[in-house]
Amino acid sequence: MNKILKACLALILGLGILWPDIPAAAPGERQRLVFLQGTDQEFEVYKIQGREKGPTVMILGGIHGDEPGAFLSADLHTNLSLKRGSLIVAPRVNSRSIIHNQRGYGGDMNRKFAPDQGDDPEYRVIAILKSLMAESDALITLHDGSGFYNPEWKDNLSNPRRYGQSIITDAAVYDYEGREIRLLEHVERSLQKVNLEIGNPRYKFTHFNMNTDSENSPHQEHRLSATYYALTHLGIPAFCIEISKNLPSMEMKVYQHNLVLNALLESLGVIPEERILDLPCPRFSHLVILVDEKLPLALTAGQTLTVAPGETLRLLHVAANFAHGLSVDVEEAGGLNDLNRPLILNRDADILVRKDHEILGRVHITLLPEADSLRVLGKAAPWTEDAPISSSLEQLVGTQILAELEARKNTAPEPAPAEIPPETPAVLPGTAETGTPVVTGFLVELNGLPLIIKPGEELIVPPGARLLLVDIQSSAPLPPRTVMNLRGYIAPRNAQFNTGEDRGGLVDTAKDLLSAFSENKAGEVYRLNAELGKEILNSCSIRLSQPTLASVTVRIAGETRILPLGSRTAVAPGTPVEFLEVAMSGGRPLTRPRFTLAGRPLPPDLPQTLIMRDIAINLAIFDDELLTGKVTWVPLTP
């Protein structure tokens, strides 16, 4: 049925494009698909298969670009693990509108789902979405609406013309080819659960039945919507969740979107391993840039990279605490998202790093004059030792230019080693005349979290963690032949000829490390070196070990206490407990901290204040999906 439907849609639409090959996911598998790649309409889809068979539900977010609660909630669900059923999550289907923060940059996309379509460029997106809907057993679309829907007029914000805080359907029960689709049953089950979690009566949810097929319906334009198409042409239940734009915070909008979405998923038969409710604040660490396909350079917000005219820039990677919704825009060059597109600039430019439409930071690019394009640069921007970057701008730019000079020394032969007295250290541009540069740290990313490992330190990571090797930190530019070498790892580009240079490599610590090259060949500890030829300039180590909680620091009745792993602490009911800090064994940080109190998720940001109950409760500390440990509070009895 689906293949026939795809072929018919392609003929009707006359788009002249090939249908994407969308493979089925295996049990427990997660797939990331990218459609319309390299265009301003590029968008991602995630297919998540549960451990047990069940229905497939499609979650559609970001169809309107000025409704962030919707696409941020959908975004969080790309990380779900499922017990039963499967998901197809398309969190940001209208990427142009999201970046521009407009409802519809090319018109209202949710009025373009008619069976017969014209030559609108956005119909390429619609055709793909229809194909994905045809693989699904139900559809849920997410939106942010104005005010608070109420079937009766209460005031200007709460009346039948408002959409917020409602679950919208096109019918209560729909007859599709003799089969009843009971939409109202799913809505009522979900509302019973959701409204118990919402204290403010104004914020409680209501069913909004548009009766779209009725001749008397005031919402006949909804016949062009995604939910109406799914219900009437594919015969699957379809729901629209509308969160009020008038809620006081973005965190509340995402939280309530997730409440309703999770309740609907459960009613439809999709059961997650654990519900997602919280939204972290976006933070930008650095942008990795490749100049002329040489070593990657890492720059933080506000820094400047100087390049020679004609050099090719490739913006490789944005390091942030979000994996999705990130884009990089070279102003007045390229497209809306220039990530991984080769660019040659003919003038100075700013690179904007965005999370959706919000600008997280800027990196500046300046061009050298033609006559100076091969000179070694001095310090180009302020830098401090505690800046979260692999090295100073002097080092980054200096290393790049030095590498280019080295490659072009065809007419200037190397002096014989005997011509340099052994007691006289070589002096590199940018270093002090009395010494050589010192390696001060190694910049890596552990599951997306930027870290600097100091020489001699040991970073403890769980097996299966992803470790990105970014750069070497030093007091001044290092010789151009210096490599960042993780012993026991071979970067893909070095598969045939291993140079030892592992910068830019993304290491799957469960698969990519060779235990024969670990310390004592035990497969537990691996050395990360800064090497110049056979000389090791400095090193640190990576230890594979499951993360374990050491202690939790709290403040109870003004007294700060450190609660060790597994401890039980008596607290009087009603007493505020300030949750201040988490310490892990070995000093390793939590890469993706998650907390639950009595099994319910807590916001990941600290500090936060909790109120002691009259029953024993566990505070559980997770690193992503791994439980690292718990502490317990019990009620203090008189």
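1. A residue is called buried when its relative accessible area is under 20%, exposed when that area is over 50%, and partly exposed in between (1.4 Å probe, protein chains only). By this criterion, 52% of the 638 residues of the protein chain count as buried.

2. This is a predicted model, in which local features need pLDDT of at least 70 and side-chain atom pairs count only at pLDDT 80 or more, while totals for chains, interfaces and linings use all residues. Residues are numbered from 1 along each chain as its sequence is written, and side-chain values use heavy atoms, with hydrogens and water left out.

3. The protein chain contains 8 helices and 38 strands; these are DSSP runs numbered from the N terminus (helices: H or I, at least four residues; strands: E, at least two).

4. Of the contacts (heavy atoms within 4.5 Å) between residues at least 6 apart in sequence, 65% join residues at least 24 apart.

5. The accessible surface of the protein chain, from the Shrake-Rupley method with a 1.4 Å probe, is about 28,700 Å², and carbon and sulfur atoms account for 52% of this area.

6. Helix 2 (residues 68-76) is largely enclosed by the rest of the structure, because 9 of its 9 residues are buried. Among them are Pro 68, Phe 71, Asp 75 and Leu 76. The cover over these buried residues includes strand 3 (52-60), strand 4 (82-90), helix 3 (95-100) and helix 7 (250-268).

7. The whole structure has 0 disulfides, a disulfide being a pair of cysteine sulfur atoms within 2.5 Å. Cys 240 is buried at 4% relative accessibility, and Cys 540 is buried at 0%.
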